Amino acid sequence: MNFNSNNRKCFVRPPHFKKRMIMMMFGVLILGIGLSLLRMINLGTDPCSCFTQGITNYVPLSFGTCQLLCHVVTFLIVIKYDLSMISFGTIGNMFFVGYISDLFKWIWSVLLPAGFFELAAVRYLLLIPTVLIFLLGAAAYMCAGLGSSPYDALPFIISAHVKKISFKALRMIWDISFMVIGFVLGGDVGIVTILVAFFLGPIITWMQKKMEVLIA
């Protein structure tokens, strides 16, 4: 496929670039911390992480490495079809969220008593705060406007070529497909998966409006 002029816009410095970079890095850090807690309370994760968890059951690699490799595959497809979706935030998400999650998952295991996250009361008490931390990270990362993760970029690219299906329906099919495959492979599906599926969009939109003043 030939690239048009918009497809060539990659790693362009937008207005308020430094502020956007700081917000992107903050978002990636918080996303990783939130994901580490989601994995610890074991009540489900987002579809992409669920898929990655499933893969880790079959290969001798860490969660962060598996997530990076999965992103690399989708990244190559995004590069071929729409370079405009790629920027600094894409790289930040690809390389760091999974490894930050691994790091903090280890930190929690060292700092907190053994079996802490196995207590039902603790897991459900941390449920809503953990989801909010995860959504805060996602909102900051997206609000920075420095590119999408390959996982998030591909539905936009597919939607541009499949006109008969709305983007909303296609995105749902995309997420559900990864969730089902992840579940079959042994990934973590639970109440968080449902909460993320239904509330991710509205909450992130609300948070983004609040954050936009920080990069104005």
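User: How are helices defined here?
Analyst: Helices are DSSP runs of H or I with at least four residues, numbered from the N terminus. Bear in mind that this is a predicted model, where local features need pLDDT of at least 70, side-chain atom pairs count only at pLDDT 80 or more, and totals for chains, interfaces and linings use all residues. Residues are numbered from 1 along each chain as its sequence is written, and side-chain values use heavy atoms, leaving out hydrogens and water.

User: How do I read ring pairs?
Analyst: Rings of Phe, Tyr and Trp (its six-membered ring) pair if their centres lie within 6.5 Å; planes under 30 degrees apart are stacked, over 60 edge-to-face, and the rest tilted. A search of the whole structure finds seven aromatic pairs. In one, the ring centres of Phe-116 and Phe-117 are 5.1 Å apart with planes at 90 degrees, so this pair is edge-to-face. Trp-174 and Phe-178 form a tilted pair, 4.9 Å centre to centre with 50 degrees between the planes.

User: Are Trp-174 and Phe-178 buried or exposed?
Analyst: Buried means under 20% relative accessible area, exposed over 50%, and partly exposed in between (1.4 Å probe, protein chains only). Both Trp-174 and Phe-178 are buried. Phe-117 is buried too, at 10% relative accessibility, whereas Phe-116, at 26%, counts as partly exposed.

User: Which residues do ring pairs link into a cluster?
Analyst: Phe-51, Tyr-151, Trp-174 and Phe-178. Phe-51 is also one of the buried residues of helix 2.

Terms used
Helix = DSSP H or I, 4+ residues; strand = E, 2+ residues; numbered from the N terminus.
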